[in-house]
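Subject: Structure for your attention

Dear colleague,

Please find the structure below, together with its sequence.

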Amino acid sequence: MNLTLHVWRQENATDSGEFVTYLAKDVSPDMSFLEMLDVVNEDLLEKGADPIAFDSDCREGICGTCSLVINGSAHGGQKATTACQLHMRSFSDGETITIEPWRARPFPVIRDLVVDRGSFDRIIQAGGYVSASTGGAPDANTIPVSKPNSDKAMDAAQCIGCGACVAACKNASAMLFVSAKVSHMSLLPQGQVEREQRVLDMVSQMDQEGFGACTVTGSCEAVCPKEISLDFIARMNREYGRALIKSCS
Amino acid sequence: MKLDAKIPSGPLDQKWEKHKFDLKLVNPANKRKYEVIVVGSGLAGASAAATLGELGYNVKCFCYQDSPRRAHSIAAQGGINSAKNYQNDGDSVHRLFYDTIKGGDFRAREANVHRLAEVSRNIIDQCVAQGVPFAREYSGMLANRSFGGAQVSRTFYARGQTGQQLLLGAYQALSRQIAAGKVTMFPRTELQDVVLVDGKAKGIVVRNLVTGEISSHAADAVVMATGGYGPVFYLSTNAVGCNVSATYRAYKRGAAFANPCYTQIHPTCIPVTGDHQSKLTLMSESLRNDGRVWVPKKKGDERRPQDIPEAERDYYLERKYPSFGNLAPRDIASRAAKEACDAGRGVGPTGLGVFLDFQDAIGRQGESTVRERYGNLFDMYQRITGENAYHQPMRIFPAVHYTMGGLWVDYNLMSSIPGLFVLGEANFSDHGANRLGASALMQGLADGYFVAPYTVGNYLSQESPADRPSTDSKPFKKVESEVNERIDQLFAIKGRRTPRSFHRELGKLVWEYCGMARDKAGLTKVLKLIPELRDEFWDNLNLSGGPNELNTSLEQASRVADFMEFAELLCTDALKRDESCGGHFRTEHQTPDGEAKRDDKNFAYVAAWEYKGQSRRPTLHKEPLAYQEVKMTQRSYK
């Protein structure tokens with residue numbers, strides 16, 4: 001099939017950027033979306049033009065590197081699917097596709113479709129861990145963890161940190177990302193010691209990075225490739241309130 | 001070059017204990033005077049960087065990804081082995097050790113493997129303490145499953161995302177050290193070369209992938225945890241950014257490269273669809289716990305799988321290996337699939353595929369149980385192929401997955417360059433000629449959490465921080481200018497072909513002549529074809545843009561240039577090893593029923609190659625494999 005692409009091109013962080021139109025010819029339905037872009041890039045390179053810069057690595061939906069807004073939807077609108085796992089069979093011949101980077105102030109564009117998500121790393125550095133230095137851990141079966149809690153912790157821990165939740169949110173809120181980590185840790189016995197400080201520090205860092213507030217529209221949950229539930233935001237709000245009260249007493 | 005593995009004396013099961021006591025320590029107050037560089041932030045790199053930071057060293061950690069959380073360890077699905085014996089099914093440190101040695105077809109170093117089995121238990125403890133949400137039973141205790149090459153259940157897992165959860169555990173520990181100021185992180189930064197001063201590794205030269213800036217970093221020791229070289233085949237289950245450049249450039253600076261021909265072809269990947277394909281996707285080995293592998297008995301049978309009656313199906317793994325059945329080790333399962341396809345019984349549009357069927361498991365346990373265990377894998381399969389594996393069997397085919405070879409290291413994980421340590425998949429030490437499933441995560445974390453922190457300290461105790469060179473010194477400036485020169489050379493070619501087209505062509509050559517089956521004629525031929533292709537690369541490469549910007553074509557070209565040289569080393573090793581063992585299958589050497597036939601008399605050694613210059617052949621050094629505890633036998637899974 002043949003497609004028309006409107007792709008965001010931006011030379012560097014300070015450039016204003018614009019949409020440029022390309023034709024993608026002889027696209028196979030078995031290609032992934034990124035493989036389709038690879039083919040377009042090969043073509044550009046052969047013509048001596050600069051290929052479209054975009055981030056990707058594992059190409060199996062787990063590393064969280066790829067970050068494309070496709071036709072206005074983070075990762076392209078297929079349920080529970082990253083852009084690298086989106087296949088061209090979900091498009092039809094002759095279609096026009098618009099491709100943009102994540103757009104949020106805390107994710108500045110580096111080039112074309114590549115953005116800087118260092119703000120997510122800094123939020124984890126603020127407290128998204130258990131302070132268990134290597135060595136000295138007790139036998140792994142010493143503390144039983146109920147299966148429902150463990151399963152729920154895993155539901156949250158599955159977050160791949162791609163940032164689609166931020167890109168989809170009208171406020172560029174990072175609540176889904178932060179709440180996934182806060183919930184994962186607070187559901188497990190190992191996370192209890194630092195439970196209050198963790199949520200306070202992570203939320204504070206999130207605010208400092210310039211992420212917006214949450215108005216619970218649920219657009220983040222809708223695009224999340226790992227289907228992280230909005231319930232975790234409610235859980236984090238409760239954790240935050242609990243921590244505030246405890247820190248006052 | 002003289003290889004000394006520095007294996008401690010004494011009984012096998014006491015070597016590590018004894019060695020830990022013999023290793024020299026650095027006083028806590030002195031640790032902060034040392035600088036350590038860690039290259040790579042996967043399981044081995046992140047765990048080493050975090051642990052060295054916790055100990056008090058100043059660490060700089062580098063990765064090419066935009067965040068350390070994205071290293072390719074994240075994609076490991078099935079699980080991590082540990083000799084916990086929580087299932088009371090007869091597991092022990094010795095059994096894990098033995099299974100790993102046997103799985104590696106008696107080509108691994110005994111002492112290293114025993115240590116791996118010992119520390120495997122600490123890893124699970126450490127990860128649980130970090131909050132890794134491993135699967136649990138209703139009792140609240142940890143759950144286990146079985147993996148290939150073992151008859152006990154010792155694999156711990158977190159759904160089909162075990163690598164992700166373990167990496168996030170290590171990443172979070174690393175993040176804590178970054179926040180504490182003990183680790184400085186350099187994402188989107190790629191190693192260009194290692195700098196040696198008086199024969200010791202004292203730093204690295206890197207390229208900032210956003211600005212193109214070339215810079216030097218000095219340290220008292222360099223730890224390389226940069227993964228394997230699977231993408232030398234172009235198509236593999238590795239991430240598209242994975243590359244051999246770091247280890248290959250260390251090799252060119254004097255680190256011996258060991259057993260490059262030991263490559264692992266994973267039996268259960270989604271088949272190739274066309275030339276556009278950029279990577280292959282693995283379907284976890286854990287699926288073989290419940291899935292049954294089969295092909296039609298009849299050649300060219302084009303009926304739908306559900307229309308092929310039971311009597312006309314060949315469950316070839318169960319037939320050939322009744323005691324291990326569908327859980328035969330990877331190399332064996334892959335070759336069996338190739339054999340079926342070569343015989344014209346392959347399935348799917350290309351004929352390069354076999355079925356992995358869950359109908360029996362669904363009938364026995366219900367769809368919901370299967371969904372709970374493997375739901376994410378079934379979903380992934382559906383996204384890629386458009387087929388529903390609950391209703392029809394998956395189609396799978398072997399693909400390059402892991403590389404057992406790597407830089408040669410001694411018992412301390414130090415390469416033949418003093419001060420250069422190599423961890424995880426990047427080294428050669430623990431898996432012999434074939435790695436068992438769920439052992440890569442184990443090794444990465446063993447090296448990073450529990451081995452390197454001791455052995456790097458031992459090395460540092462004999463180095464003085466006062467001798468750390470300045471990055472303005474001559475050796476650094478020289479390497480920097482060589483790095484810049486190489487980049488200029490790539491730009492100066494101004495040919496017509498893209499880096500990717502060269503990579504794809506190289507990969508096809510290596511896969512065809514040095515893939516699942518190898519022989520003398522093919523290897524001799526490919527050793528002529530690779531240099532020809534390399535010459536064309538240096539004559540006809542086309543790059544866009546310039547060096548001082550984010551330039552993906554330059555990144556690719558630079559990696560492909562190293563693959564072009566490395567491929568030759570890989571095939572040279574494969575030609576030299578005139579026997580079959582594990583993943584290295586020379587068709588000249590097989591038993592009457594088609595199994596790998598080793599030649600222990602002539603090849604029970606580690607092949608460590610020393611670089612001798614651009615136009616000269618590398619020199620082979622042999623480290624004999626002396627087995628103290630294990631008797632080498634014909635590997636049997638029947």
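In what follows, buried means a relative accessible area under 20%, exposed means over 50%, and partly exposed lies in between, computed with a 1.4 Å probe on protein chains only. This is a predicted model, in which local features need pLDDT of at least 70 and side-chain atom pairs count only at pLDDT 80 or more, while totals for chains, interfaces and linings use all residues. Residues are numbered from 1 along each chain as its sequence is written, chains are lettered from A and ligands numbered from 1 in the order in which they are written, and side-chain values use heavy atoms, leaving out hydrogens and water.

Gln130(B) is buried, its relative accessible area being 3%. This residue lies in the loop between H5 and strand E4 (155–156) of chain B; helices (H or I, at least four residues) and strands (E, at least two) are DSSP runs numbered from the N terminus. With neighbours within four places in sequence set aside, Gln130(B) has contacts (heavy atoms within 4.5 Å) with Val130(A) and Met185(A), and in chain B with Gly169(B), Ala170(B), Gln172(B), Ala173(B) and Tyr449(B).

Helix H1 (residues 15–22) of chain B has Lys15(B), Trp16(B) and His19(B) as its buried residues. They lie on the same side of H1(B) because they cover an arc of only 85 degrees around the axis, the arc being that of the directions from the helix axis to the C-beta atoms. These buried residues of H1(B) pack against helix H5 (110–129) and helix H12 (440–460) of chain B.

Strand E1 (residues 35–39) of chain B is mostly covered, with four of its five residues buried. E1(B) pairs in the parallel sense with strand E2 (residues 58–62) of chain B over five bridges; two strands pair if DSSP finds at least two bridges between them. Within this pairing, Val39(B) stands opposite Phe62(B) of E2(B). Four bridges join E1(B) to strand E9 (residues 221–224) of chain B, also in the parallel sense, and Val38(B) has Val223(B) of E9(B) as its bridge partner.

Chain B also holds an open, antiparallel sheet of three strands in the order E6-E7-E8. Strand E6 (189–197) and strand E8 (214–218) of chain B stand at the edges, each with a single partner strand, so one side of each has no neighbour in the sheet. Strand E7 (residues 200–208) of chain B is joined to E8(B) by five bridges in the antiparallel sense, and Ile204(B) stands opposite His217(B) of E8(B).

With kind regards
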